[in-house]
Amino acid sequence: RHGGAESGATTMSVWGPVRFWRAYVHSLEKRPLRTQAATGGVICGLGDIITQTAVEKHDSLSLPRSLGMITWGCLYSGAFQYCWFRLLDHKIKHPGLTGTILKTAADQALDIGALPAFFALSGLWRGLVWEQIQRKIEKEYVSTLLTNFSVWIPAQAINFSLVPPKFRVLFSCVIDLGWNTFLSFVAHREVPTALTHTDISLTLDDSLLHTESKPVHIKDLLRNEEDSQRP
């Protein structure tokens, strides 16, 4: 009797994911746009939660930050990519390797503009002013774009060549789980405030910056520079 009960419990545990998958596929067929948007939002939000808890090791979650990532996931990773992939299939009719190369190239060209938009939206969501957002883009854009190419060129080549069209957003979102963990970390790490002075370029000795742990002011630095140049 106990063996039968255990067998029944095992069957239920196996059929649970199967039923969920069937329900998900049914939803993809009946309500594709909403389902893809929800998929992108859930996976982007999960990536941010992983970043905050496992990578940055915060004691508590920042809900505004997570909501920002969920919003980006719903709008871009889910809904927009669903429409974008359909457009690529409609416009690029080449079969085989040629079609895969053209679709992948078009997708990566889109990312060149999508990354600044992501940094801008995540910055606005955090309450940053435009100067801070601009400095963030200048600091992070190139390195993030190069990392994007290294991840997404092979991923989308596989996506466009092997994955059925209705599952392409899901495939991208699975890759997104790791990518968005990285992207959330990059978007929310602090960029040091730049120290500028019009038409003056200073090269400072380390001893000037660390004398008795006292704060250093620009006027003091200029005075020291003038004194050092006197005979």
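Student: How much space lies in the largest pocket?

Tutor: About 160 Å³ of space lies in the largest pocket, where a pocket is, on a 1 Å grid over the protein atoms alone, an open set of points with protein on both sides within 12 Å along at least five of seven lines. A volume is the space filled by probe spheres set on the points, which are joined across faces, edges and corners. This is a predicted model, in which local features need pLDDT of at least 70 and side-chain atom pairs count only at pLDDT 80 or more, while totals for chains, interfaces and linings use all residues. Residues are numbered from 1 along each chain as its sequence is written, and side-chain values use heavy atoms, with hydrogens and water left out.

Student: Which helix gives the most to the lining of the largest pocket?

Tutor: Lining residues have an atom within 4 Å of a point, and helices are DSSP runs (H or I, at least four residues) numbered from the N terminus. Here α3 gives the most, with six residues, and α3 and α4 each supply at least two. Among the lining residues are R65, W72, F118, W125 and H188. By class there are seven nonpolar, four polar and one charged residues, with Ala, Val, Leu, Ile, Met, Phe, Trp, Tyr, Cys and Pro counted as nonpolar, Asp, Glu, Lys and Arg as charged, and the others, Gly among them, as polar.

Student: What volume does the largest cavity have?

Tutor: A cavity is a set of grid points where a 1.4 Å probe fits but cannot get out. The structure holds one cavity of 30 Å³ or more, and the largest cavity has a volume of about 170 Å³. Of the 17 residues that line this cavity, Y76, D111, W152, D176 and W179 are the closest to its centre. The helices α3 (63-91), α4 (96-126), α5 (130-162) and α6 (168-188) each supply at least two residues of the lining, and α4 gives the most, with six. By class, the lining of the largest cavity has eight nonpolar, six polar and three charged residues.

Student: How many aromatic pairs are there, and why is the pair of F80 and W84 given the class it has?

Tutor: A pair of aromatic rings is described by the distance of the centres and the angle of the planes. Rings of Phe, Tyr and Trp (its six-membered ring) pair if their centres lie within 6.5 Å, and planes under 30 degrees apart count as stacked, over 60 as edge-to-face and the rest as tilted. By this rule the count comes to nine aromatic pairs. The rings of F80 and W84 have their centres 6.4 Å apart and their planes at 10°, so this pair is stacked. F80 and W84 are four residues apart in helix α3, and are therefore separated by about one helical turn. Both belong to one aromatic cluster, formed by W72, Y76, F80, W84, F118 and F119.

Student: Are F80 and W84 buried or partly exposed?

Tutor: Buried means under 20% relative accessible area, exposed over 50%, and partly exposed in between (1.4 Å probe, protein chains only). F80 is partly exposed at 33%, whereas W84 is buried at 14%.

Student: Which residues touch the most other members of the largest nonpolar core?

Tutor: A nonpolar core is a set of buried Ala, Val, Leu, Ile, Met, Phe, Trp, Tyr and Cys residues joined through side-chain atoms within 4.5 Å. Of the 19 residues in the largest one, W72, L115, F118, F119, I137, Y141 and L183 touch the most other members. The elements that give two or more residues to this core are α3, α4, α5 and α6, with α5 giving the most, six residues.
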